[in-house]
Amino acid sequence: MNALSNISIENAHIIFRNFSGEESKFNKKGSRNFGVVLDVDLAAMMKKDGWNVKELPPREDGDIPTYWLPVSVAFGNIPPKIMLVTSNNMAPLDETTVNQLDYAEIASVDMIVRPYCWKVNGNSGVKAYLKTMYVTIVEDEFASKYQRNMGSEEVPF
């Protein structure tokens with residue numbers, strides 16, 4: 001398997017959000033992940049390179065399938081840089097705060113995924129890990145009213 005490059009995706013559409021690592025029928029407890037929808041050309045290229053590209057069947061006859069990539073969010077050896085973006089602020093998320101993305105109303109996502117090439121018992125493939133993500137959330141009409149830019153010397157109450 002050749003050395004692969006990171007994949008940058010602007011204005012990404014993410015699905016199957018499980019940043020909290022909740023156990024479910026499709027997820028073991030503690031496994032933080034999500035899916036990112038791929039366009040047909042990128043999906044074909046990534047599939048050819050061995051990435052774990054999945055396919056959702058079309059909802060209606062004549063539609064094309066939806067291609068998506070499972071992305072792992074691991075905070076072990078190489079933790080991802082995840083930034084929550086609002087109109088007045090940008091805040092880093094870590095493994096204790098990233099779970100808020102599970103139910104956030106998201107306006108846009110830009111991300112970089114990094115490949116991990118694996119080989120086990122004669123099988124091989126490429127697993128996607130989140131490297132960097134900027135998530136812009138939808139703000140309600142009161143967000144700017146209550147937004148405060150506090151300096152480090154200010155008391156938070």
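Is Phe19 buried or exposed? With a relative accessibility of 0%, Phe19 counts as buried (under 20% is buried, over 50% exposed, in between partly exposed; 1.4 Å probe, protein chains only).

1. A word on the model: it is predicted, so local features need pLDDT of at least 70 and side-chain atom pairs pLDDT 80 or more, while totals for chains, interfaces and linings use all residues. Numbering runs from 1 along each chain as its sequence is written, and side-chain values use heavy atoms, with hydrogens and water left out.

2. There are three aromatic pairs here (Phe, Tyr or six-membered Trp rings with centres within 6.5 Å; planes under 30 degrees apart are stacked, over 60 edge-to-face, the rest tilted). One of them is Phe19 with Phe34, stacked at 5.2 Å centre to centre and 20 degrees between the planes. Phe19 sits in the loop between strand 2 (14–18) and strand 3 (33–38) and Phe34 in strand 3, so the pair links parts 15 residues apart in sequence (strands are DSSP runs of E, at least two residues, numbered from the N terminus). Phe34 is buried too, at 1%.

3. Tyr116 and Tyr129 pair up edge-to-face, with centres 6.3 Å apart and planes at 85 degrees. Tyr116 belongs to strand 8 (residues 106–120) and Tyr129 to strand 9 (residues 123–137), so this pair ties together parts 13 residues apart in sequence. Tyr116 is partly exposed at 45%, whereas Tyr129 is buried at 18%.

4. Worth a look on the backbone: Asn11, not a glycine, has a positive phi of about 50 degrees. Asn11 lies in the loop between strand 1 (7–9) and strand 2 and is exposed at 64%.

5. Asn121 also has a positive phi, near 50 degrees. Its loop joins strand 8 and strand 9, and Asn121 is exposed at 76%.

How values were computed:
Helix = DSSP H or I, 4+ residues; strand = E, 2+ residues; numbered from the N terminus.
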